[in-house]
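Here is my note on the model. Please read it with the structure open.

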Amino acid sequence: MLSLERFGEQLKSTRGVLKLLASSKKILFGFAVLLALVVTGVFAPWLSPFDPNEQTLGRAYLPPFWLSGGDAEHLLGTDSLGRDILSRLIHGASVAVYVSVTATILTAAIGVPLGIASGYLRGRFDEAVMRVVDIWMSFPPVLLAITLISILGTGINNVILAIVVADWTRFTRVIRSEVLNIRERDFILAAKSIGFSPLQIMRHEVLPNVLPLISIIATLEMSVAITVEVLLSYAGLGVKADTPSWGSMIADGLSYFRLNPWGMLIPLAATIIVILSLNILGDGLRERLDPRLTLTR
Amino acid sequence: MSELLSVEDLKIRFQGQDSNAVDGVSFTVREAEIMGLVGESGAGKSITGRSVLRLLPPNGRIVGGRILFKGVDLLSLSEEEMRKIRGKEITAIQQDPLSSLNPAFRIRDQMVDILKMHLGLKGKEAEEYSVKMLEEVGIPNPEVVLRKFPHQLSGGMCQRVMIAIAFSCNPTLVIADEPTTALDVITQALVVNLMKRMKEKHRTSIIFITHNLALAANICDRIAVMRLGKIVEMKPTKDLFKSPEHPYTLALLEAVPKVGRRASKIRGGE
Amino acid sequence: MSSIIEAQRLQKFFIESTGRLADLLLRRKRILRAVDNVDISVPRNQTVGVVGESGCGKSTLGRTIIRLYEPDGGRIIFKNVDITHLRGEDLKKHRRFMQIVFQNPYSSLNPRQKIRDIIKRPLDLHGFDDSLRLVYEALESVGLPKEYAERYPHQLSGGERQRVALARAIALKPELVVADEVTSSVDVSIQAQILKLLKKLQEEFKLSYLFISHDLSVVRTISQKIAVMYLGKVVEEAQTEALFEDPMHPYTAALFASIPDVDTPWEPHLLKGEASSLYSVTKGCRFQPRCPYAKQICAEEEPPLKEYSKDHKVACWLYER
């Protein structure tokens with residue numbers, strides 16, 4: 001319990017956060033990559049040397065500048081339509097950030113209150129919710145996502161919606177499980193004896209104790225979101241054609257692989273690095289917290 | 001009565017801490033003697049007990065001193081040699097019987113395994129001996145109990161089984177670490193009484209570790225009061241309570257709530 | 001009425017599965033009669049001790065009597081009001097006056113709240129003005145410095161946390177405080193401090209206590225009246241000194257004899273049989289399997305709790321003529 005309390009306290013102050021970062025190589029590394037991603041994504045229009053959709057057909061299939069045939073103007077080369085890969089990569093980061101952050105916030109907004117209510121109130125409400133969750137989880141998530149896209153159409157916001165629909169159960173189950181433990185502790189009984197209503201107890205006693213766990217699940221959710229977006233965009237079911245996304249870049253890159261393998265390798269590498277880093281960050285946070293916290297699914 | 005165990009200037013430290021958890025502890029235990037290690041939580045008494053068995057937690061290390069058992073320094077033995085001693089010459093009784101017994105095995109299996117290993121008894125002999133031991137600790141229907149799993153027995157029963165196991169190989173020394181804390185007061189009296197009887201019958205020495213000074217007063221021959229890793233006072237029991245010297249002992253005695261005078265027979269009885 | 005709270009024929013059951021497959025299929029459950037027809041009352045400005053061993057139901061009694069657990073039968077009269085079936089706002093009105101302090105100082109305070117909020121929020125809930133000042137007053141009453149208000153529970157020691165739990169309870173200016181094994185999880189030296197504090201607070205705020213503990217020595221120093229519980233029932237109840245001088249129930253006597261003491265010689269009654277549990281309650285008197293004085297009738301009928309001398313009740317066939 002002690003480490004959980006300290007962890008929560010650390011999240012509250014800047015000095016605390018810095019101490020947290022310094023405490024674990026995993027956390028530091030994961031956070032650094034995440035930070036780089038977010039900064040790139042947010043400042044994309046300023047960082048990106050070219051318009052990602054600007055086509056220079058005469059200068060297609062250029063390799064990265066360090067290889068022969070490369071050009072310092074296009075540091076990472078160009079794709080089949082002469083679009084600058086670096087610029088597309090940077091804007092792809094925006095997509096990744098937007099999708100992962102929004103999807104995570106939305107799944108948390110659904111899963112956390114539901115998980116808390118379910119775990120705290122128990123009884124028929126809990127049974128009903130868990131039944132829905134169980135049934136929902138028996139569908140392959142990617143299938144759910146694809147089905148939704150085919151109904152609603154493509155586009156970045158529909159991708160987010162698809163992720164939320166496919167994965168809201170994650171937060172729900174994990175939070176509920178933790179709440180089942182928390183509700184047995186004496187301070188919850190104490191709150192009851194003072195006269196707080198169940199709603200007040202869930203909001204003020206239970207929720208703050210679940211926040212550290214939420215941050216861990218959030219990193220996991222973000223990596224899931226990015227994965228799904230990349231997969232959908234790769235399949236052409238993701239973002240619209242003019243939006244540069246790492247997924248669509250990979251799909252494109254595959255088609256002209258012979259002419260410039262880097263068109264596919266670079267966005268693939270970026271995706272892998274980000275997902276790995278998020279998982280490492282999550283691991284580091286979990287280790288730092290309490291070894292008994294296990295994540296399902 | 002010769003000296004069975006001599007702990008000399010024992011020092012134990014945990015990883016990441018800058019002071020010793022056990023800091024220069026010395027005491028002896030004679031044959032057929034119950035030696036009490038008494039103190040509050042954090043005093044270092046449990047760790048001292050575990051070090052005699054050389055069963056420290058992974059982040060603890062013995063950084064000084066000797067533990068002489070029958071003249072041999074236990075700290076100089078190899079793990080293999082130590083294993084021959086553990087469970088046979090020196091055994092342990094822990095606080096929580098349910099966690100010391102393996103929940104996946106019946107009592108019979110656990111007892112028979114130990115007897116086979118340490119005494120070389122064959123299956124049927126071992127089982128008969130187990131029944132005898134259970135009878136000795138006052139367990140009714142021992143054959144039935146042998147077939148049960150630990151969770152099917154009450155705390156008091158389990159603790160008695162633990163005592164039976166601890167004494168079954170006729171050890172010279174038993175380390176009892178808070179053996180009655182998890183028990184109700186009436187069962188505690190039964191268990192303590194039992195331990196006294198075993199000591200008399202088998203001439204076994206016991207290191208009795210507890211935070212309950214009153215309990216130690218009634219079972220131990222000698223008591224060492226521990227505080228923050230050191231022994232502050234060590235005397236034969238009667239002397240300790242008649243004329244305690246160290247301020248900490250005095251403070252402890254002061255703070256121990258005394259039940260006081262009370263009748264222990266009812267007026268409705270014979 | 002001179003009692004602040006009174007329980008009449010109070011019952012609390014827990015229903016569990018038996019762990020046997022046949023019962024699972026037949027939907028047969030096991031009923032734990034944790035509190036089984038208990039009558040108990042706490043006079044104003046006094047302390048009633050409830051003693052017994054783990055599993056006897058004393059903690060359950062303490063929690064049920066303040067409606068923390070829902071009673072399954074009987075009545076609870078608090079300040080002359082029948083609160084047994086009150087709900088919502090009606091119950092909340094009364095909650096302020098009946099508080100509880102728990103055994104474990106490590107789990108009874110919300111680790112994510114500052115001490116200040118732990119004490120202040122209940123005050124705000126019940127509409128106290130100037131709640132921050134009351135927080136400091138409460139901290140002062142329990143002997144903690146004002147600065148502690150800004151700390152988190154994990155920064156305090158076990159004894160200090162227990163004081164915070166007390167401060168939280170008394171800040172609401174209750175009339176009844178249930179102390180549920182409040183000294184059992186702290187070191188002996190801290191125990192003495194807590195007891196002293198409890199007595200002081202009782203004087204200062206005219207509190208009534210229901211003091212639950214398995215430790216007879218502690219209960220003796222603080223209670224005016226003691227109830228002895230065994231497997232869900234009160235087997236004896238008397239004024240403190242009368243109980244110690246003249247125990248009537250065989251269980252009480254066995255309890256007294258079994259406690260090791262520094263000053264007095266130890267002659268425990270070595271009772272036969274096993275310490276029973278709520279899972280194996282027998283017909284008739286629950287103590288009968290272990291009782292050295294058991295008669296025929298003890299195995300057939302439960303003895304009622306009756307008053308045999310002034311203020312001294314016992315449930316035992318030995319005294320029924």
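The points below cover the ground rules, a sheet and a chain contact.

1. This is a predicted model: local features need pLDDT of at least 70, side-chain atom pairs count only at pLDDT 80 or more, and totals for chains, interfaces and linings use all residues. Residues are numbered from 1 along each chain as its sequence is written, while chains are lettered from A and ligands numbered from 1 in the order in which they are written.

2. Start with the sheet in chain B. It is open, has six strands and mixed pairing, and runs in the order β6-β7-β8-β3-β9-β10. Strands (E, at least two residues) and helices (H or I, at least four) are DSSP runs, numbered from the N terminus. Two strands pair if DSSP finds at least two bridges between them.

3. Look at the edges. β6 (90-93) and β10 (230-236) of chain B each have a single partner strand, so one side of each has no neighbour in the sheet. From one strand to the next, the twist averages 15°. Axes are lines fitted to C-alpha atoms, for helices over the stretch in contact, and angles run from 0 to 180 degrees between N-to-C directions.

4. Next, one strand pair. β9 (residues 222-227) and β10 of chain B are antiparallel, with six bridges. R227(B) has K230(B) in β10(B) as its bridge partner.

5. Now the chain contact. Here 37 residues of chain B are in contact with 43 residues of chain C. Contact means C-beta atoms, placed from the backbone, within 7 Å. On the chain B side, α8(B) gives the largest share, seven residues.

How values were computed:
Contact = placed C-beta atoms within 7 Å.
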